[in-house]
Amino acid sequence: MAQNKPASIAPAQLAALMAAALLADVFLQPFGRRAPLLTAQHGILCAAGQMAAFALLLTLLPKGREHALESKAFCGLLRALMLLSAALEIIQGERFYSQAMRTGLPVEIFLFLLFVAVFYGVYSGLNALTRTAAAVLALTAISMGLLLLSVLPQLRFVNLQPSALNGGELARDFASQFYLAPELILWAVLWRPEHSQNRKYRPSAVFVWLFAAQALFCLLGEMTLGPAYQQEEQPLFTIARLGGISVFRRLDALHACVWLLLFFVKITLYFSLFTQRCRLLVIFDE
């Protein structure tokens, strides 16, 4: 049964991979939201609650993990989840690409190139994908540094929309914005017992960094756009289009390319785990 175990990944690599996948949702906001974005104040508080819920859930998921990994039913369920999640993410990613690159590729060519890149990523293996994720995170940090510099003259504290905290309203906002990321299940699948000995790369540490990034984005959006921030479908991309550094007035395409790399890492992760579960089902049948 040793060959049924998922690929062994170092804690630092796993943390980078999951951080990249989770950050993709922050940069590429879902289209067609029923509710508008929250104010920065409520957004930060709800993000704190969501990250705490993620950390709690991830401590519970690994219990009985070894038994689940050897279950044919679990492998089948995980495959279905990965396919559904990948399909929804591809739709969102293509819409973001079409919005960001108004003279971009037709959807057919975009999907073809995406699947070619994903096939290569899956073929290269999870360890190669984790190294790619670390490089993409570094590029994302540079992108955010440039974005912050580009909009620095436009930041206004008066644009913030503080309000008296109401427990009922905050609970409704939390419920409307909360979602369970499929990466949490993938994290539990790839997590190894020996990873718990490394405090630096425990899930709780990663969620602290993710919360800090999300809080920064909420403040950056509202301080730049004011009340209009809540009506934007892709607030960070809108900010990127407004900013500029010296003679470089249109850096939004550069930012979009970096954020799409996060999307690529996430989709490749889904298909990597999908093919891994398919191989395990073949082993079970034998």
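Modeller: A crossing is left-handed if the near helix is turned anticlockwise from the far one by less than a right angle, and right-handed if clockwise. Before we use that: this is a predicted model, where local features need pLDDT of at least 70 and side-chain atom pairs count only at pLDDT 80 or more, while totals for chains, interfaces and linings use all residues. Residues are numbered from 1 along each chain as its sequence is written, and side-chain values use heavy atoms, with hydrogens and water left out.

Biologist: Fine. What is the secondary structure of the protein?

Modeller: There are 11 helices and zero strands. Helices (H or I, at least four residues) and strands (E, at least two) are DSSP runs, numbered from the N terminus. Along the sequence the pattern reads α-α-α-α-α-α-α-α-α-α-α.

Biologist: Which way does helix 2 cross helix 7, left-handed or right-handed?

Modeller: Right-handed. The axes of helix 2 (residues 40-60) and helix 7 (residues 167-177) come within 10 Å and cross at roughly 65°. Axes here are lines fitted to C-alpha atoms, for helices over the stretch in contact, and angles run from 0 to 180 degrees between N-to-C directions.

Biologist: Which residues meet there?

Modeller: His42, Leu45, Cys46, Gly49 and Gln50 in helix 2 meet Glu169, Leu170, Asp173, Phe174 and Gln177 in helix 7, with contact meaning heavy atoms within 4.5 Å. By class that gives four nonpolar, four polar and two charged residues.

Biologist: Why is proline 11 called buried?

Modeller: Buried means under 20% relative accessible area, exposed over 50%, partly exposed in between (1.4 Å probe, protein chains only). Proline 11 has 18% relative accessibility, so it counts as buried. This proline is found in helix 1 (residues 11-27), where 15 of the 17 residues are buried. Its C-alpha lies 8.2 Å from that of tryptophan 191, 180 residues apart along the chain.

Biologist: How do you know that the span of helix 4 agrees with its number of residues?

Modeller: The expected span is 1.5 Å times one less than the number of residues. Helix 4 (residues 72-100) has 29 residues and should therefore span 42 Å; its end C-alpha atoms are 41 Å apart, which agrees. Helix 2, with 21 residues, reaches 30 Å, close to the 30 Å expected.

Biologist: How much of the protein is buried?

Modeller: Buried residues make up 45% of the 286. In helix 4 they include Met82, Ile90 and Phe96, and in helix 2 Ile44, Met51 and Phe54 are among them.

Key: Ala, Val, Leu, Ile, Met, Phe, Trp, Tyr, Cys and Pro count as nonpolar, Asp, Glu, Lys and Arg as charged, and the others, Gly among them, as polar.
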